[in-house]
Amino acid sequence: MTKITTENTVKSATSASPDPQRGSLPHQNVAVLGATGSIGTATAEVIGHLNRIDPNHRWKLWAASGHSNLDLLEQITCAAMGDGEAPERLIFSDPTCLSPAHAAQRFGRHGYQPESLKFGPEALVDAARHESVDVVVAAIVGRAGLESTLAAVESGKRVALANKETLVVAGGLVRQRMTQSGAKLLPVDSEHSAIWQCIAESKSPVRRLILTASGGPFRTASRDEMENARPESALEHPTWQMGRKITIDSATMMNKALEIIEARWLFDVSADQIEVVVHPQSIIHSMVEFEDGSVLAQMSPPDMRLPIQYALTHPRRLPCQAPAFDRTQRWDLTLEPADLERFPALQLGFQVARSGGTAGAVVNAANEVAVGLFLDEQIRFTDIVRVCQKTLESHTFDDQPTLSRLLELDQWSRQEAQRCAALLR
Ligand SMILES: NC(=O)c1ccc[n+]([C@@H]2O[C@H](COP(=O)([O-])OP(=O)(O)OC[C@H]3O[C@@H](n4cnc5c(N)ncnc54)[C@H](OP(=O)(O)O)[C@@H]3O)[C@@H](O)[C@H]2O)c1
């Protein structure tokens with residue numbers, strides 16, 4: 001059994017601190033990649049909040065990226081300016097959305113010089129590597145976040161990781177590069193943050209990581225109901241407000257599958273040390289079982305501002321905007337076994353976590369394609385996981401892939417997933 005500790009998993013974020021008691025540097029420059037998403041906007045809120053409540057520390061939104069939602073990027077920029085912390089750099093990762101001339105005109109109104117406005121995916125990588133940046137918040141959705149997250153890891157940054165797909169696609173490479181660079185991964189996913197917090201509470205070996213799953217909108221649905229589910233009902237998550245892709249992933253439980261793989265790499269454990277239980281209230285964010293059978297759980301009402309803030313301030317705990325328990329109300333906490341037959345994505349997640357190598361890259365790409373096809377009403381809800389299984393079966397497995405092999409396979413899987421989906425129509 002692997003001994004899991006905070007030292008061999010997510011390394012302590014305080015090791016570079018001149019002030020170990022307080023646990024973080026007095027001034028932190030933060031690059032939020034994917035600032036216009038659900039995690040990105042929550043991060044900007046957390047940064048503003050920390051600056052209001054924590055007079056000994058300064059958090060600067062140093063860089064913010066948007067892809068298509070440039071109105072929101074402008075709003076985030078103005079809000080940060082209102083707090084006296086205008087981002088030094090704005091990144092337009094999709095250069096087709098705004099030309100440099102239009103960007104200079106639009107953001108020039110807010111005092112930006114053209115050299116502070118950067119364009120294209122390479123600008124994400126540049127910001128992730130930039131010497132002024134202390135923390136990179138990896139909040140881009142999907143495989144599109146891979147290169148910039150990897151660049152942050154290679155540059156030895158503290159990486160607040162929301163983009164789980166990076167570990168799903170290239171977990172082995174990320175761990176290798178972390179060892180070389182001394183980078184630290186700070187989990188943002190609420191489940192992995194919960195595990196991180198529980199492990200930090202004990203110096204003893206861990207027996208099992210228990211990921212909780214809300215069960216999503218189809219927790220009690222029959223297979224038939226799921227077969228005919230429309231995008232609008234799959235997008236109705238009972239407990240979390242999130243981006244569209246992760247919301248569909250929650251409905252298929254592919255999100256939990258991706259989290260199984262993420263946990264395997266993040267905490268360097270075997271797939272057999274990971275379990276999933278369904279917990280519809282989303283209060284227990286995950287649990288850790290120790291050698292003596294004791295189980296520690298981290299609990300809080302569902303609100304991503306808490307794990308985001310903890311990733312930034314670890315090991316300090318500061319007042320948070322996320323609401324605390326209302327103890328005047330009755331709270332029911334239920335746990336039920338996960339149904340691997342109705343949610344075959346879970347089986348796939350364990351299979352991929354066991355095999356490693358190229359399997360994660362293939363399933364991740366196939367899933368991104370299948371989710372898009374489902375949202376466009378090209379395939380049925382239950383076909384999403386079928387497409388992923390079929391794509392995985394048709395690929396040639398490689399145990400120790402290079403980055404270029406993974407990127408090649410990502411492209412191949414997208415085509416193969418389209419082909420498999422066409423056969424199911
Ligand atoms: N939301 C949650 O509660 C939650 C919880 C745990 C983990 N996560 C993980 O966090 C990540 C982000 O999720 P989210 O829910 O915040 O997603 P989201 O709301 O859809 O936001 C995605 C962000 O990525 C940007 N983006 C989209 N395509 C891009 C591309 N090709 N290149 C560069 N940037 C691109 C978007 O820009 P535009 O909007 O400007 O187009 C946006 O800023 C995902 O990996 C998800 O699994 C999310």
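Rings of Phe, Tyr and Trp (its six-membered ring) pair if their centres lie within 6.5 Å; planes under 30 degrees apart count as stacked, over 60 as edge-to-face and the rest as tilted. The structure above is a predicted model, in which local features need pLDDT of at least 70 and side-chain atom pairs count only at pLDDT 80 or more, while totals for chains, interfaces and linings use all residues. Residues are numbered from 1 along each chain as its sequence is written, and side-chain values use heavy atoms, with hydrogens and water left out.

By the ring rule there are six aromatic pairs. One of them joins Phe92 and Phe119, whose ring centres are 5.1 Å apart with planes at 20°, so this pair is stacked. Ring pairs also bring in Phe107, giving a cluster of Phe92, Phe107 and Phe119. Phe92 has 1% relative accessibility and therefore counts as buried (under 20% relative accessible area, with exposed over 50% and partly exposed in between; 1.4 Å probe, protein chains only).

Another pair, Phe374 and Phe381, is edge-to-face, with 5.5 Å from centre to centre and 70° between the planes. Phe374 is buried at 1% relative accessibility, and Phe381 is buried at 3%.

A charge sits over a ring if NZ of Lys or CZ of Arg is within 6 Å of the ring centre and within 35 degrees of the ring normal. The charged end of Arg264 sits in this way over the ring of Trp265, 3.8 Å from its centre.
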